Amino acid sequence: MTPKLNRWKRFADWDERPLRLDKFAAEDPANGFSAFSSPADPKPGIGITGGRVVSLDGVLEHDYDMIDRFIARHHIDSDVAPEAMALDSATVARWLVDMNVPREKLVRLAHGMTPAKLAEVVSQLNALEIAFAYSKMRARKTPGNQAHVTNAKDDPLQLAADAATAVAFGFDEIETTMRVSRNAWSNAVACAVGGAVGRWGTLFQCSSEEAEELRIAMAGFTSYAETVSVYGTEKSFTDGDDTPWSKAFLAAAYASRGVKMRCTSGAGSELLMGFHEAKSLLYLEARCLCLQRGMGVQGTQNGGIDGAPLTATIPGGVRELMAENLIAVWLDLECASGNDARSTESEIRVGAKILPYLIAGSDLICSGMGSILKYDNSFNPSLINGEELEDYLVLQRDFEADGGLTPLPESRAIELRERAVEAIAAVFEELGLSTPTEDMKTSVVYASGSDDTRSLMPRDVSFISEAIKERGITVIDVVKALANRGFREEAENLLNVVKLRLSGDYLQTSAMIRNGRIVSAVNDPNDYLGPGSGYRVSEERRLQLNDIRDVLDQKEVLRSEALHEKDEARHIRYRNLGPAASGSTNDDVVIGISPAFGLKLYRTTAGHRLSEVLGAMLDAIRARGLKARVVRFRHTADTSFLGLSAARLAGSGIGIGIQAKGTAVIHQRDRQPHNNLELFSNAPITRLEHYRALGANAAAYALGEMPEPIVVPQRGEAMGSRYHARVALIYAIETGLTEAGAAPEEVDVTLTGVKS
Amino acid sequence: MTRTRADYPLAETQPGAVTGKHGKALPEITLDAVLAGEVTMEDLRITPQALQAQADVARDVGRPTLALNFERGAELVEVPQDFIMQVYELLRPGRAKSKEELLEAAATMRDTYQAERIARFIEEAAETYAARGLFTFRF
């Protein structure tokens with residue numbers, strides 16, 4: 001007896017899926033768990049007297065907290081506000097997705113909108129509309145991407161190698177941070193050197209304590225900063241140990257040093273810090289973003305960021321992350337759009353999260369993507385990591401969407417990693433910081449992650465790092481060291497990045513470097529006005545995106561078949577006996593083989609030799625005392641027709657049709673072509689024993705029996721994705737040999753029985 | 001001369017006019033010059049003029065708040081790093097114990113470094129911190 005259970009086993013199956021490791025939170029606005037709206041959110045409103053903002057979203061001036069105050073003074077354009085605030089939010093929402101309403105018009109209106117107004121407008125859009133509006137509203141036309149480059153040992157050799165690899169994949173920015181904070185200077189030098197290998201123009205930042213980060217920038221090692229966080233409530237802001245004024249001052253300080261900067265904000269930070277004021281995530285984020293525009297930063301790292309995993313637990317949370325990014329670009333800020341925290345254990349949720357950004361494009365789609373393995377990511381794992389980077393490359397190819405990356409051939413990766421490791425080792429030696437051994441260097445070049453390396457450890461690194469800091473080593477010393485040791489190209493590349501700060505061109509909104517030139521929202525503005533406008537993947541770029549590794553073509557299939565040709569010649573001989581006749585007695589079964597069977601193609605998709613497959617079927621038929629004939633058909637390559645044609649030539653009326661790729665059928669003389677007795681359609685998992693059983697069953701039918709049909713068990717493999725490209729190419733070889741009206745040929749098969 | 005988007009990028013449209021703090025122009029800052037010891041970190045620093053030019057460009061493309069940040073930045077170019085960090089620290093919550101400390105910093109910015117915009121910005125912070133009770137003990 002089957003026992004009764006207390007649950008449907010499907011739920012037990014679901015319990016085992018990675019998804020169930022994700023925890024989900026109930027909507028609870030009073031406790032801050034609300035994505036888009038909360039009873040505590042204010043209604044949009046503004047009061048302006050004599051050009052002064054005297055009330056903001058229902059708060060009178062004398063009650064302003066410091067965030068209201070900053071927004072009222074520095075964000076709101078009081079000339080635009082009366083017009084912008086009077087507009088119906090639904091109308092503005094429609095304009096955001098109307099390709100005929102230019103971006104500039106909407107950006108001007110945003111200058112006069114309060115946080116509650118911006119939130120109210122974008123709340124009206126569904127996820128698809130948000131993605132579309134994002135694509136239309138983002139500031140720079142050409143999309144880009146950012147990588148994390150860190151490792152669990154703060155090993156500078158690996159940082160250099162991984163920075164060089166990230167640069168080669170096409171990342172426009174690389175960001176590092178440390179396990180041990182005093183290792184910041186070593187990380188900075190290592191990534192600056194690694195990032196100068198192969199080409200120049202990748203911007204680099206070393207995320208560390210505010211004052212230290214600015215000092216590292218002053219020494220010339222880094223070229224941008226983004227960990228200048230802002231928050232949407234006053235108490236979170238002060239717990240973050242800053243105010244809008246201190247952060248804005250820092251923004252001016254970065255500008256004064258010619259260093260690019262963006263702020264960071266994201267849903268969920270106030271909730272994590274315990275001061276959410278029961279407001280919705282989107283409203284608080286709208287406040288953060290208005291603050292950032294008011295501060296005059298060129299851009300924002302936005303979209304949950306460290307709060308993304310928490311936001312994703314809330315109903316509508318992922319849509320909210322997209323909505324806050326939309327507000328950022330609507331406010332005309334560069335947007336490094338998050339996708340930088342592993343917000344789920346489910347690979348399906350990962351893929352779903354990234355897709356809208358990939359197809360909409362973004363200034364920096366991830367901020368950043370883990371170019372290193374998950375365990376090496378000192379920021380915590382990213383949404384997409386070194387493990388999954390190839391999946392992302394394939395998504396670019398699938399959707400013909402430019403995600404900022406370009407496939408990197410393995411040989412080129414090794415070449416660049418060797419060069420980067422040699423370069424950083426040379427710099428360390430030249431500056432008397434360390435003398436890495438050959439074994440250290442070699443272990444790093446070939447390592448996927450720091451588990452594979454025998455290199456510098458965090459303590460070794462601390463000595464290097466503190467020496468760099470204490471001796472006041474600057475980028476000029478590093479440039480000289482590189483050149484003196486023969487790394488002239490890298491020295492030039494590094495110098496070029498530092499020279500960017502002279503003109504300050506890269507301080508403008510959404511600036512990055514492509515092919516040695518500045519590309520920003522000033523000289524590459526998003527001009528989307530419908531199909532044919534905005535960013536389009538050029539043919540040249542499309543071919544780059546397509547160029548993933550291990551791509552099959554017919555030449556490749558024929559090449560691998562040719563390898564098997566000689567081998568098969570030792571196992572089987574096919575001799576054409578002339579036109580095949582109908583069987584005159586009822587004791588024969590005909591095996592109909594396809595045009596290329598054994599002539600151009602030699603193995604089934606499961607990898608079995610056709611000689612063995614044929615031998616197994618012949619043996620099984622003969623074992624029942626029947627005659628087995630082999631007939632080659634050239635009028636068709638289709639399994640059903642092969643089988644039916646064979647059946648019609650058989651005295652028993654039973655035939656087997658088989659293609660070279662191994663797809664087979666048992667057929668009977670008087671049936672419709674596609675209504676066979678048994679079909680073996682999953683050739684990749686069909687084994688020799690199945691072919692033997694197939695032969696036995698064919699014999700049984702010929703003897704008038706009703707055998708148990710053979711079922712080739714499958715476990716849900718994505719057979720199509722694994723084999724169909726190859727199958728289609730193979731099948732084209734078969735159909736290429738067909739000839740209309742060609743007569744069946746009787747074939748004498750000699751199995752020579754040589755085992756290899 | 002007020003720059004416009006047509007002047008952007010300055011490093012490409014007028015490289016000879018882009019100079020470092022000591023007047024060395026972009027084309028002169030070569031690897032060979034670095035190796036000859038002719039380039040210092042000071043030669044690689046942005047000038048107030050370049051920041052003003054970027055402010056002009058930002059304003060021309062409709063980004064007035066970004067322009068103001070560049071202008072505040074221009075005022076800080078000549079301010080020593082230590083004083084910048086000192087003022088930044090003072091602007092953080094609870095560091096200044098009274099409005100006067102901030103006003104004093106503002107006065108130094110104005111009088112010593114002719115940083116008028118920055119001075120007004122610090123004064124605005126002082127006024128806000130007083131109104132919001134931020135001159136309190138934090139640690």
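**Domains of chain B**

I began with spacing: the C-alpha centres of domain 1 of chain B and domain 2 of chain B lie 28 Å apart. The bounds, taken from an automatic or database domain assignment, are 1-78 for domain 1 and 80-139 for domain 2. I note that this is a predicted model, in which local features need pLDDT of at least 70, side-chain atom pairs count only at pLDDT 80 or more, and totals for chains, interfaces and linings use all residues. Residues are numbered from 1 along each chain as its sequence is written, chains are lettered from A in the order in which they are written, and side-chain values use heavy atoms, with hydrogens and water left out.

Next I looked up the contact (heavy atoms within 4.5 Å). Here 6 residues of domain 1 of chain B touch 10 residues of domain 2 of chain B. The two domains bury about 740 Å² between them, 62% of it on carbon and sulfur atoms. Buried area is the accessible area (1.4 Å probe) that two parts lose on being put together, summed over both. On the domain 1 side of chain B, B:R72, B:E75 and B:L76 lose the most area to domain 2, together 74% of what that side buries.

I then counted 2 salt bridges between these domains. The rule wants a side-chain nitrogen of Lys or Arg within 4 Å of a carboxyl oxygen of Asp or Glu. I also looked at B:E71, whose side chain meets that of B:R117 in a salt bridge at 3.6 Å, N to O.

**Chain A against chain B**

This contact takes 70 residues from chain A and 64 residues from chain B. The chains bury about 5,600 Å² between them, 60% of it on carbon and sulfur atoms. In chain A, A:W245, A:F249 and A:L502 lose the most area to chain B, together 14% of what that side buries. I found 11 salt bridges across this interface. One pair of side chains that I looked up, B:E12 and A:R517, meets in a salt bridge at 2.6 Å, N to O. The largest share of the chain A side, 11 residues, comes from α12(A). Helices here are DSSP runs (H or I, at least four residues), numbered from the N terminus.

I also traced a network of salt bridges that links A:E210, A:D241, A:D242, A:K247, B:E89, B:R92 and B:R95. Within it, B:E89 pairs with B:R92, the closest N and O atoms being 3.5 Å apart.

**Helix α2 of chain A**

Is this helix enclosed or open? 9 of the 10 residues of α2(A) (residues 66-75) are buried, so the helix is largely enclosed by the rest of the structure. Buried means under 20% relative accessible area (1.4 Å probe, protein chains only). A:D68 is among the buried ones. Its side chain meets that of A:R287 in a salt bridge at 2.7 Å, N to O. The pair links distant parts of the chain, α14(A) and α2(A), 219 residues apart.

**Cores**

The largest nonpolar core has 192 residues; A:L96, A:F221, A:W330, A:V478 and B:M109 have the most contacts inside it. Such a core is a set of buried Ala, Val, Leu, Ile, Met, Phe, Trp, Tyr and Cys residues joined through side-chain atoms within 4.5 Å. Helix α19 (residues 410-430) of chain A gives the largest share, 9 residues. A second, separate core of 38 residues includes A:V630, A:I658, A:A664 and A:I666.

Note on methods: Buried < 20%, exposed > 50% of the residue type's maximum accessible area, 1.4 Å probe, protein only. Helix = DSSP H or I, 4+ residues; strand = E, 2+ residues; numbered from the N terminus.
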